[in-house]
Amino acid sequence: MQSFECPYHAGNPYPVPGTDVAKVTFDSSLVLFRPREGIIASDGTNPRKGEDLYLTGAALTATWTDPSGASHEVCAPPGFLTDLTSVPPVFRLLISRAGPWLEAAVLHDYLYVAWQSVPHRTALRADRLFADRVMLAAMQVKGVSRWRRWLIYAAVRLGGGRSYRMKSPFRFGDATDPRLIHLAAVPDLVAADERIT
């Protein structure tokens, strides 16, 4: 799926290199969608067959604050493809794929591939560090215990470089997939639900 437009950052979610992240707050609920028959790419294939993949059903929006106190917005758009929290099976007793860190993990997944959608952008080390710092700060605001968030952060710092640099053409579901036609209405449903609660 070609992603719906995010309301923020005009396609480039990354700050000036070297900008640190002091705090992250989520402005929307995480909505995930998993087609029963699996997710297909725009060419009709399923290049990641066998993987447990989900699509964001609505934009996942967050505000991050830099050390000066200035606020900035970031958004993982609807139709974005995620494998939730990437945890090797051997570590799943300590960190499951879903938990209070899930929103942080999905936003992190997006920031690891978003550079590929920014014209003339390459995989910059500063952008990867920003993605990792956003995840760390987002886990703190979600109440993830200190040892777990530092364990997850250390894991992505040590092992995430290869996946960050690897180009992935399969970042969104297929816009012509008839199963996804109703995703455009999801943000309105989520907004109505958030007004009630």
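**Sheet and helix packing in the predicted model**

Strand E4 (residues 60-65) is joined to E1 by four bridges, and the two strands run antiparallel. Within this pairing, Phe26 has Ala62 of E4 as its bridge partner. The structure described here is a predicted model.

E1 and E4 belong to an open sheet of three strands, arranged in the order E1-E4-E5 with antiparallel pairing. Strand E1 (23-26) and strand E5 (71-76) form the edges, each pairing on one side only. On average, neighbouring strands of the sheet are turned by 25° against each other, direction ignored.

Two helices contact these strands. Helix H1 (residues 102-113) lies across E1, E4 and E5, and its direction is at about 85° to E5. Helix H2 also packs on the sheet, where it touches E1 and E4; the direction of H2 makes about 65° with that of E1.

Packing between helices was examined for H2 and H3. Two packed helices are described by the angle between their axes and the distance between the axes. The axes of helix H2 (residues 125-141) and helix H3 (residues 146-159) come within 10 Å and cross at roughly 170°. Because angles over 145 degrees count as roughly antiparallel, H2 is described as roughly antiparallel to H3. On the H2 side, the contact is made by Arg128, Leu129, Asp132, Arg133, Met135, Leu136, Met139 and Gln140; H3 contributes Arg149, Trp150, Ile152, Tyr153, Val156, Arg157 and Leu158. By class, the contact of H2 with H3 comprises nine nonpolar, five charged and one polar residue.

Note on methods
Residues are numbered from 1 along each chain as its sequence is written. This is a predicted model: local features need pLDDT of at least 70, side-chain atom pairs count only at pLDDT 80 or more; totals for chains, interfaces and linings use all residues. Side-chain values use heavy atoms; hydrogens and water are left out. Axes are lines fitted to C-alpha atoms, for helices over the stretch in contact, and angles run from 0 to 180 degrees between N-to-C directions. Angles under 35 degrees count as roughly parallel, over 145 as roughly antiparallel, 65 to 115 as roughly perpendicular and the rest as oblique. Contact means heavy atoms within 4.5 Å. Ala, Val, Leu, Ile, Met, Phe, Trp, Tyr, Cys and Pro count as nonpolar, Asp, Glu, Lys and Arg as charged, and the others, Gly among them, as polar. Two strands pair if DSSP finds at least two bridges between them.
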